[in-house]
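Please examine the sequence and the structure displayed below before reading the report.

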Amino acid sequence: MAEYSMTAPLKPEDVDKLRAGDKVNLTGFIYTARDAAHKKLVELIKEGKPLPLPLEGQIIYYVGPSPTPPGKAIGSAGPTTSFRMDPYAPLLIERGLRGMIGKGERAPGVVEAMQKHGAVYFAATGGAAALLSKRITAAEVIAYPELGAEAIRRLTVVNFPVIVAQDCHGGNIYREGQRQYAR
Amino acid sequence: MAKAKRKSKTPARGKAKAKKPAKVKARAKRAPRRVKKARPVKKAPRAARKAGPVSPLREISAKKIADVVARLSMEANYDLEHDVLEALERGLGAEISPVGKEIFNQLLENAAIARNERMPICQDTGLAVIFVDLGQDAHVTGGLLDEAINEGVRRGYTEGYLRKSVLGDPLRRVNTKDNTPAVIHTRIVPGDRLRLWVVPKGGGSENMSKIAMLKPADGIEGVKKFVAESVRIASANPCPPIVVGVGIGGSFEQCAENAKRALLRTIGSAHPDAFYADLEGELLRIINDLGVGPMGLGGRITALAVHIEAAPCHIASLPVAVNINCHAARHKTAVL
């Protein structure tokens, strides 16, 4: 299992070389969105309207941070469970989304879209939200401020630690890892 | 013989009854001569005793309750409890998967950052679930108990920069913006104290809860199978290493509440009933043999503990409920 430092947004060749179980430190810009924002984005795509964020090559982090205390870039910001975004993710991947960060296994429909269009799914450590917030140096709400924690934010991340959970070649650390340690 | 005994007792009782009033009267005659002023004072408690046992109610102010709930809401989200920290350290020692070990290290580092910087351990600061044991000789003054608890949650979550994750309605889905209402479970218990547990419960682990109304014929094997299957299906979603709360028996709703109540117990403490202590140990082994591991990425430590809360149940029923807590297993308690 390899270890990489990568810049976000991702290039197609970055996604292609990643395998389930690899460790990646991400630096650059990523976007946040969870249930409510995904619903809105998919509605806009279906209506043929412009989106409030670029999708090509981008990474979406499934997170609803806690409120930002004075003097900090962001509140605690760990991943939320990804399967709730499964109904929306394939359409975003089709429109160029190249990476997702969350926790928990993805549905077959998402995996199919990842393999077809070249996208990767990363796992961040759930509940390590104070630690992960230290790797976020700036956060700016770019859409749907009325959604509060669920607003779309643009995050600047430095060495943000993730693990490749499901890759674009069908690799799946949940299945492989659990099989290895089951008795 | 029985009749004879009864007969012989009756006159004895009669004698005693006849004698006693005479003694009382004699005392009553003497008492006023010695301490005239004390007489009304002595009479009052005697009258009260006739009406039934009276112990004075201990007063607990609603404001004090709100203050304590506000403080515990913040502490539960910033300071990992000692039993959880110790369980994570034991888990780090026992885990053999390199990725799993790294996750344990991240969780311990995360706990230190959260404690030192007073930041939430997890961004999902949860539904505020509050368990209350209210002594029946305690009296809440200056407000209503539930309102005081909600006031504490409101203040703790607002002043503590905790996330507001509560919607006022499940289908219309509008955020109440102060994390109220809390979910409150109150029991009336002996004594004059009020004990509170603040248990912030995140959505990721709560969504993996399950209940089954098993057939009595399914027995203990059916219970084991259901608990293990619930944890296997939950996989990475509830943020393992988890604490598994299991309710067995009771009615449908009591079983579910007991599964959550089981999460209040100190991790590492033995069940007081040896039968259930053994079952907890066996379930923990079965769950860890699933190989789910920290964050579901594979490993030997899937659960830190299994806690069972059993209750009497109907002859036709064998309810079993599973309520999973994430590795933070947030819980704080105070006695007022």
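## Basis of the report

The model is predicted.

## Packing of two helices in chain B

In chain B, helix H8 (residues 219-234) packs with helix H10 (residues 274-288) at an angle of about 40 degrees, and their axes lie 10 Å apart. Angles of 65 to 115 degrees count as roughly perpendicular and those under 35 degrees as roughly parallel; H8(B) and H10(B) are therefore oblique to each other. Their crossing is right-handed.

On the side of H8(B), the contact is formed by B:Ile220, B:Lys224, B:Val227, B:Ala228 and B:Val231. These residues meet B:Phe275, B:Leu279, B:Glu282, B:Leu283, B:Ile286 and B:Ile287 in H10(B). By class, the contact of H8(B) with H10(B) comprises nine nonpolar residues, two charged residues and no polar residues.

## Interface between chains A and B

Chain A contributes 41 residues to the contact and chain B contributes 39 residues. The size of an interface is often given as the accessible area lost when the parts come together. Between them, chain B and chain A bury about 3200 Å², and 59% of this area is on carbon and sulfur atoms. Of the area that chain B buries against chain A, 21% is supplied by B:Gln123, B:Tyr161 and B:Leu297, more than by any other three residues.

## Salt bridges across the interface

How many salt bridges are there between chain B and chain A? The count is three. In a salt bridge between the chains, the side chain of A:Lys72 meets that of B:Glu117, with an N to O distance of 2.5 Å.

Definitions and conventions: Residues numbered from 1 in each chain as written. Chains lettered and ligands numbered in written order. Predicted model: local features only at pLDDT ≥ 70, side-chain atom pairs only at ≥ 80, totals over all residues. Heavy atoms only, no water. Axes fitted to C-alpha atoms, helices over the stretch in contact; angles between N-to-C directions. Helix = DSSP H or I, 4+ residues; strand = E, 2+ residues; numbered from the N terminus. Parallel < 35°, antiparallel > 145°, perpendicular 65-115°, else oblique. Left-handed = near helix turned anticlockwise from the far one by under 90°. Contact = heavy atoms within 4.5 Å. Nonpolar A, V, L, I, M, F, W, Y, C, P; charged D, E, K, R; others polar. Buried area = accessible area lost by both parts, 1.4 Å probe. Salt bridge = Lys/Arg side-chain N within 4 Å of Asp/Glu carboxyl O.
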